[in-house]
Amino acid sequence: MDAPPGLPQGFSARPCVQGDVRAVFELVAACEVADAGEAGIDFEDIESEWAKPSLDLATDTIAVFHDASGTLVAQGEVTYTTRADCCVHPDWRGRGIGTWLLRWSENYARARGASRIGQTVVDTAIDAADLFERHGYIWLWTSWILRIRFADAPPKAPELPDGYTIRDINLNTDGPAVHEVVDRAFLEWSEREPESFEDWQVKTIARQGFEPWHLPLAIAPDGEIVGAVFLIDSDEQTDGWIQQLAVAREHRGIGLGRALLDESFTRFYARGRRECELNTDSRTGALGLYEHVGMSVKSSYTHRALQFGDAD
């Protein structure tokens with residue numbers, strides 16, 4: 001797909017290549033510091049995202065460079081056809097590059113027959129919100145990062161229903177079943193196609209630094225895997241991060257979600273973490289659960305989208 005015209009003079013664009021991963025990580029981190037006050041991105045986040053078999057860097061990504069210096073000044077990519085993630089380095093904003101990236105992502109989605117394109121942006125990024133709204137983007141959902149701080153110990157030891165247990169993932173046998181539980185749960189509220197096992201695998205059990213304790217599983221009395229929580233932890237972090245939490249529909253309402261959360265807090269605390277964070281959004285209906293276990297909203301985000309139609 002050809003890039004849209006209108007890139008400001010002195011800048012050029014091309015698809016990302018694997019050699020850009022470090023520069024893109026540094027770019028995204030700089031944007032997060034400017035917009036949210038801190039960087040939440042890890043190098044492994046981008047590394048694993050780009051390792052997904054479904055992501056074609058040549059068609060699904062774009063990188064913008066300053067011609068004179070060769071500096072990467074902006075980057076964008078689209079996943080699931082309708083989800084854009086684009087950012088412009090704080091030092092290079094106000095030149096029209098962000099507007100150009102909007103058009104790039106819109107063209108991408110239209111070319112694939114999508115009905116909309118959208119992006120999630122932290123609510124403190126006022127300039128970005130104004131950009132989206134000026135171009136006709138409307139609110140679709142709200143996202144939050146929630147945090148819990150541990151004073152002397154995690155707030156509660158895990159309590160399981162009779163007959164249920166929690167154990168680490170067995171990498172030799174459990175992967176496909178865990179993926180099935182997670183993807184089925186996420187598809188109940190996320191408007192996307194099912195995620196392949198291969199895509200899920202590179203972001204979780206094949207992620208750099210993964211250890212089996214990062215993926216506790218809830219096991220039913222008959223031995224079936226009915227819940228999972230994926231934890232991200234490294235020596236470079238000061239807090240723990242819960243990336244995915246899922247319980248099979250047939251086993252909800254008996255406390256498994258709470259037990260997996262408490263198990264996560266206990267594991268992080270045992271490794272010296274005194275805070276834990278996670279992300280959820282208004283489509284999941286899970287905000288109340290997280291607040292009930294003692295988590296509170298740290299920051300909020302808005303997903304805005306442009307709906308395509310005859311009037312656009």
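1. Beyond its neighbours within four places in sequence, Val182 is in contact (heavy atoms within 4.5 Å) with Trp200, Ala228, Gln244 and Ala246. Val182 sits in helix α6, residues 175-187; helices are DSSP runs of H or I with at least four residues, strands runs of E with at least two, both numbered from the N terminus.

2. This is a predicted model, in which local features need pLDDT of at least 70, side-chain atom pairs count only at pLDDT 80 or more, and totals for chains, interfaces and linings use all residues. Residues are numbered from 1 along each chain as its sequence is written, and side-chain values use heavy atoms, with hydrogens and water left out.

3. The structure has one cavity of 30 Å³ or more. A cavity is a set of points on a 1 Å grid, over the protein atoms alone, where a 1.4 Å probe fits but cannot get out; lining residues have an atom within 4 Å of a point. The lining of the largest cavity consists of Val181, Arg184, Ala185, Glu188, Ala248, Arg249 and Arg252.

4. The second largest pocket (an open set with protein on both sides within 12 Å along at least five of seven lines) is lined by 24 residues, with Glu44, Asp233, Ser234, Asp235 and Gln237 nearest its centre. Elements giving two or more residues to this lining are α1 (21-36), α2 (43-50) and β9 (225-232).

Note on methods. Points joined across faces, edges and corners; volume = space filled by probe spheres on them.
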